[in-house]
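Please walk through this protein from its overall build to its local details.

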Amino acid sequence: GPAPDGDLLRERAAHVLLRARERTRALTECVDDRELVAQHSPLMSPLVWDLAHIGNQEEIWLLRAVGGHDALRPELDPLYDAFEHPRAERPALPLLPPDQARRYAGDVRARVLDLLGTAPLHGRPLVEGGFAFGMIAQHEQQHDETMLITHQLRSGPTVLFAPEPPPAAPDTAALPREVRVEGGAFTMGTSQEPWALDNERPAHRRFVPSFWIDTLPVSNGDYLRFIEDGGYREPRWWHPAGWEQVRAHGLRAPLFWRREGGSWVRRRFGTVEPVRAAEPVMHVSFYEAQAYAAWAGRRLPTEAEWEKAARHDPATGRSTRYPWGDEDPTPERANLGQRHLRPADSGAYPAGGSPLGVRQLIGDVWEWTASDFLPYPGFCSFPYREYSEVFFGDGHKVLRGGSFAVDPVACRATFRNWDLPVRRQIFSGFRTARDAE
Ligand code: AVJ
Ligand code: FE
């Protein structure tokens with residue numbers, strides 16, 4: 001369609017920035033200052049670091065790079081540069097205390113909203129189509145998901161509340177377990193989506209041989225059969241590095257699960273609840289996903305297979321933005337945006353299915369793929385190497401589809417996430433695939 005006009009773009013940018021800030025506030029105002037500055041896990045930053053880092057990135061990219069402003073607080077840059085200090089070191093830094101971190105992020109935002117009223121939205125790649133504003137809204141939302149992970153790792157009583165997600169659709173038991181995706185080329189990545197990040201670009205043709213893929217995410221009930229069959233005691237299912245992790249840490253179930261009185265329970269945001277069989281399995285590492293798939297006589301989908309299943313429309317040969325088409329996500333289509341504090345049961349969101357009937361590709365749980373995080377042919381780092389480029393070929397595995405904790409602004413069928421294959425504190429699950437003969 002025609003490019004949206006300037007006023008519409010400005011409105012959209014202001015809206016997504018505001019939505020991100022409301023979430024940031026909710027995640028940082030529900031605990032006291034002592035908890036904001038504490039480190040709840042060596043894997044995570046103190047929440048107050050994320051808060052000021054959000055403001056600092058917004059100052060760097062919007063006020064300075066787009067607006068040409070002088071630095072508000074140049075001395076903060078090294079403190080909140082993710083590459084200068086690994087997460088484990090951040091609590092020892094002279095960080096802004098909570099009230100000052102809030103004031104800094106708020107001061108930056110007030111100036112950004114002024115800038116958004118007047119900044120040109122065409123002419124330079126950084127501002128074209130409002131890119132920098134969209135990038136910064138996505139950045140804040142990504143840190144909001146990170147902060148939600150920190151909340152899950154924190155001990156103490158519940159401070160977060162949300163309604164339950166919708167149940168599985170009534171046709172779930174009658175769905176085929178897998179569908180066949182015919183071999184052939186499809187368009188992977190995008191050159192059109194105005195706020196797509198550098199690693200999603202450019203669009204390119206990719207040949208994918210025929211394969212079968214699960215219609216649903218692997219559920220806790222499915223995964224329990226692997227556990228009960230001795231999956232965690234059987235090295236032959238595991239990648240050597242995965243088996244090493246099982247042995248070194250005594251793994252026997254997903255993170256946050258434990259046995260209580262003969263059944264499995266899980267800790268979730270400060271409460272303990274039974275493990276629900278129908279819910280997608282979550283908090284598994286790449287290695288656990290890979291071992292389950294091997295046990296099931298299957299494998300993880302490659303990243304190209306996942307994207308083809310999620311956006312190739314066999315009727316038109318086109319790649320769409322989402323499995324259901326080009327329209328934005330809605331609450332009927334996908335579990336996104338932390339509207340709920342857990343994934344919906346496998347089989348929910350029939351309106352969000354793909355043309356072949358693959359469900360819950362978008363939202364609920366991030367899905368591990370078999371692929372390493374690598375650049376697409378023609379990749380150009382933009383606007384900074386530290387977003388994607390420095391992670392290519394560094395042992396990171398790609399995750400796709402987004403979790404219940406991902407905002408729609410940072411979610412599309414081309415969006416790529418990545419993490420180390422041992423990580424399990426993230427909202428990660430998976431589905432399986434197999435070759436077609
Ligand atoms: C894309 C989720 C891997 O959190 O490390 C945030 C996103 N990059 N600030 C991360 C990101 C810079 C990134 N992930
Ligand atoms: Fe960041």
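This is a predicted model: local features need pLDDT of at least 70, side-chain atom pairs count only at pLDDT 80 or more; totals for chains, interfaces and linings use all residues.

Residues are numbered from 1 along each chain as its sequence is written, chains are lettered from A and ligands numbered from 1 in the order in which they are written, and side-chain values use heavy atoms, with hydrogens and water left out.

Start with the fold. The protein has 9 helices and 12 strands. Its radius of gyration is 21 Å, close to the 22 Å that the globule rule gives for 437 residues, so the protein is as compact as a globular protein of that length. That radius is taken over C-alpha atoms, and the globule rule is 2.2 Å times the number of residues to the power 0.38. Helices (H or I, at least four residues) and strands (E, at least two) are DSSP runs, numbered from the N terminus. Along the principal axes, the C-alpha atoms fill a box of roughly 60 × 50 × 40 Å.

How much of the protein counts as buried? Of its 437 residues, 56% do. Buried means under 20% relative accessible area, exposed over 50%, and partly exposed in between (1.4 Å probe, protein chains only). The accessible surface comes to about 17,900 Å². Carbon and sulfur atoms hold 54% of that surface. Accessible areas come from the Shrake-Rupley method with a 1.4 Å probe; for residues, only the protein chains shown count as cover.

Now look at the contacts, which mean heavy atoms within 4.5 Å. Take those between residues at least 6 apart in sequence: 76% of them join residues at least 24 apart.

Turn to the metal. Which residues coordinate the iron ion (ligand 2)? They are His53, His139 and His143, each through NE2, at 2.1 to 2.2 Å. Donors are N, O and S atoms within 2.8 Å of the metal (3.2 Å for Na, K and Ca); water is not among the atoms, so sites may look incomplete. The donors follow the spacing H-x85-H-x3-H along the chain. His53 lies in helix H3 (residues 47-66) and His143 in helix H5 (residues 131-153), so this pair ties together parts that are 90 residues apart in sequence. Both His53 and His143 are buried.

Why is the arrangement around the iron ion (ligand 2) irregular? Its 4 donor atoms subtend angles of 91 to 171°, which makes it so. Four donors count as tetrahedral if all angles lie between 85 and 135 degrees; four count as square planar and six as octahedral if opposite donors are over 155 degrees apart and all others between 65 and 115; anything else is irregular.

Helix H8 (residues 286-295) is mostly covered, with 7 of its 10 residues buried. Among them are Phe286, Tyr287 and Tyr292. Its cover includes helix H6 (220-228), helix H7 (240-249), strand S8 (366-372) and strand S9 (397-400). Helix H9 (residues 303-311) has 9 of its 9 residues buried.

Gln425 sits between strand S10 (417-419) and strand S11 (428-429). Gln425 is buried, at 5% relative accessible area. Leaving out residues up to four places away in sequence, Gln425 touches Leu43, Met44, Ile149, Leu153, Leu255 and His283.

The backbone has its exceptions. Most residues other than glycine have a negative phi, and most peptide bonds are trans. A cis bond joins Arg201 and Pro202, with omega about -10°. Pro202 lies in the loop between strand S2 (184-188) and strand S3 (204-208). The bond from Phe382 to Pro383 is also cis, with omega near -5°. Pro383 is in the loop between S8 and S9.

Gln338 counts as buried at 17% relative accessibility. Gln360 is in the loop between H9 and S8 too, and its phi is near 60°. Gln360 is buried, with a relative accessible area of 2%.

Last, the cysteines. A search of the whole structure finds 0 disulfides, a disulfide being a pair of cysteine sulfur atoms within 2.5 Å. Cys380 is exposed, at 55% relative accessible area. Cys411 is buried, at 2%.
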